[in-house]
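Thank you for asking me to look over this model. My comments are set out below for someone who will read them beside the coordinates.

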Amino acid sequence: MSCSSILTTTLSLTGILLSSSSLYITTTLSSDKTFVAPCDLSPTLNCSSFLTTPYSSGLGLVGPLLGNDHQANLPNSVFSIIVFTVIFLANFSSNLSVVTMMLVLSTITSIISSTVVIMSLPMMCPIYLSSLVTTMLMVMTIISKRRSLDSFPTNNINQAFKKLI
């Protein structure tokens with residue numbers, strides 16, 4: 001297993017843990033209005049306020065387009081858990097098209113997460129920011145993995161046969 005694969009595995013597991021804690025805070029806030037999240041550090045670094053904004057569910061798109069009661073209007077952390085899990089499972093493949101799919105998926109996730117953070121300014125959530133940094137680092141490690149796969153020749157059998165002759 002290459003270094004970039006180990007880093008991608010570590011980052012995807014970190015993303016799953018961060019997204020799970022964000023989902024826990026979101027569900028607890030919706031059921032208990034007196035709950036104070038442990039990541040409420042200041043008025044601007046406040047998970048409780050950030051995770052209740054309209055942009056923190058349905059990727060900020062489902063509510064305005066399909067309505068707040070639509071089934072796809074889930075917390076963003078649910079989508080993040082799905083993306084991190086798919087990348088974790090796909091990381092065990094060394095197929096170039098699978099790695100390209102991982103790169104596209106993580107890049108789109110990074111762009112959407114960045115947009116949510118920008119739209120929610122000046123409020124920030126330390127957990128969401130950590131998840132965003134994790135996604136950006138994962139994009140870099142997947143690029144490294146893809147480059148290393150590009151550098152290997154695809155027709156190893158033909159080259160081995162030519163060396164034998």
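1. Basis of the note. This is a predicted model, in which local features need pLDDT of at least 70 and side-chain atom pairs count only at pLDDT 80 or more, while totals for chains, interfaces and linings use all residues. Residues are numbered from 1 along each chain as its sequence is written, and side-chain values use heavy atoms, with hydrogens and water left out.

2. Confidence. The mean pLDDT (the predictor's confidence in each residue, from 0 to 100) is 86 for the chain, and 91% of its residues reach 70 or more. Confidence is highest in helix 4, at a mean of 93, and lowest in helix 7 (residues 156-164), at 55. Where pLDDT is low, the predicted coordinates should not be read in detail. Helices here are DSSP runs (H or I, at least four residues), numbered from the N terminus.

3. Helix 6. The 26 residues of helix 6 (residues 126-151) should span 38 Å at 1.5 Å a residue, and the end C-alpha atoms are 38 Å apart, which agrees; the expected span is 1.5 Å times one less than the number of residues. Its buried residues (under 20% relative accessible area, with a 1.4 Å probe and protein chains only) include Ile127, Tyr128, Leu132, Met138 and Lys145. The buried residues of helix 6 pack against helix 1 (3-31), helix 2 (47-50), helix 4 (76-90) and helix 5 (96-119).

4. The largest pocket. A pocket is an open set of points on a 1 Å grid, where a 1.4 Å probe fits, with protein on both sides within 12 Å along at least five of seven lines, and lining residues have an atom within 4 Å of a point. The largest pocket holds about 230 Å³ of space, and of its 17 lining residues Thr26, Leu51, Thr52, Ser56 and Ser57 lie nearest the centre. Helix 1 gives the most to this lining, with 3 residues.

5. Asn46. This residue is found in the loop between helix 1 and helix 2, and Asn46 is buried, with a relative accessible area of 14%. Leaving aside neighbours within four places in sequence, Asn46 is in contact (heavy atoms within 4.5 Å) with Cys39, Asp40 and Met124.

Technical notes
Helix = DSSP H or I, 4+ residues; strand = E, 2+ residues; numbered from the N terminus. Buried < 20%, exposed > 50% of the residue type's maximum accessible area, 1.4 Å probe, protein only. Points joined across faces, edges and corners; volume = space filled by probe spheres on them.
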